[in-house]
Amino acid sequence: MISFIIIGKNIEKTLDLTISSVVKFISLNRIVYSEIIYVDSASTDQSVLVAQKHPVKVIQLEGKVNAALGRNEGAMAAKGEILFFIDGDMELLPECYPYFFVSESQMVYPFLSGSYANQFYSADLREVIKKEHLKLREPPDKFQYVKTTGGLFIIEKKIWEKVGGMDTRLCANEDIDFGLQMHSSGLALRFYPNIIMAIHHTVSYYNKKRFSEFLFTARLLCQGILIRKHFFDRRFMLFFFRSRYSAVFLLLSISFALISTTVSFILMIIYLLLQGLRSYKIYRIESNFIAIFVFKIINDLYTFLGFFLYFPNHISGKIKS
């Protein structure tokens, strides 16, 4: 049996599409035994009412919640031996089924994922700004083993329970952390880069309205927890240096401030130039140059603040009766 677990908060504009795509996935692939669970993280819009229009088990969380807790609660309520996690702003594509399943009760590998194509919208989700077209060059059945995962993946429930689910201290990057935990336990994610599992209907993280909302939550600080937790994992740190190389120059420029003002100044100039180059690659797709330039600098600062100063406790949440 496959348990499809959808998580979300204030996603009334995309949730109907997500649930309908899961229903279509089940129907077209003739899956006999399945269930759909929607875990709502204290939404203040009509998300729950949207979910209740479908044949879905709805779990409403209240109080202090996050995506890690939502997935943990969904997995705990699931009856299936296979857990299929999908975010409530994704449109699942039915044609990916044969690459991941031998049958509805057997996966081709215990921990699987593939790619998704982003479709960026304006802040009100009314206007499509950019559609991402992935260039798929390799055969679709070619895969690689990776250390990290995102929010869209399939896993055997017994493996999920063995690892203990997701770290609820993390209100962001909890999926990356889970992939690292899985890798440490001896089971890396089998990732199919040339299989598009879903279309991600989203507002860019670099949208001014969305990013400004992050500034008043702990989401950006959680990146510091991730680094602190995996600081002695050499491969993770190499991954971090490659993906956040500008942040390394920021840290170096701050560190050298007490030793050499000149060196610190040079490193800061390099840091700003690198941020500018990174912003230039992205702004035409997701936002404007100045906004992304500023957002990236703030993001780096929050990351280091989280590393040194942010020490949250695990949350348990509460299911609304």
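Is Asp167 buried or exposed, and what is its relative accessibility? In this predicted model, local features require pLDDT of at least 70 and side-chain atom pairs pLDDT 80 or more, whereas totals for chains, interfaces and linings use all residues. Residues are numbered from 1 along each chain as its sequence is written, and side-chain values use heavy atoms, without hydrogens and water. Asp167 has a relative accessibility of 6% and counts as buried (under 20% relative accessible area, with exposed over 50% and partly exposed in between; 1.4 Å probe, protein chains only).

The structure holds 7 salt bridges, defined by a side-chain nitrogen of Lys or Arg within 4 Å of a carboxyl oxygen of Asp or Glu. Asp167 pairs in this way with Arg169, the closest N and O atoms being 2.7 Å apart; Arg169 is partly exposed at 24%. A salt bridge also joins Asp167 to Lys229, with a closest N and O separation of 2.8 Å. Lys229 is partly exposed, at 35% relative accessibility.

A further salt bridge connects Asp300 with Arg244, whose closest N and O atoms are 2.6 Å apart. Asp300 lies in helix α12 (residues 289-309) and Arg244 in the loop between α9 and α10, so the bridge ties together parts 56 residues apart in sequence; helices are DSSP runs (H or I, at least four residues) numbered from the N terminus. Both partners are buried, Asp300 with a relative accessible area of 1% and Arg244 with 11%. Elsewhere, salt bridges with shared partners join Asp167, Arg169, Asp177 and Lys229 into one network.

How values were computed. Helix = DSSP H or I, 4+ residues; strand = E, 2+ residues; numbered from the N terminus.
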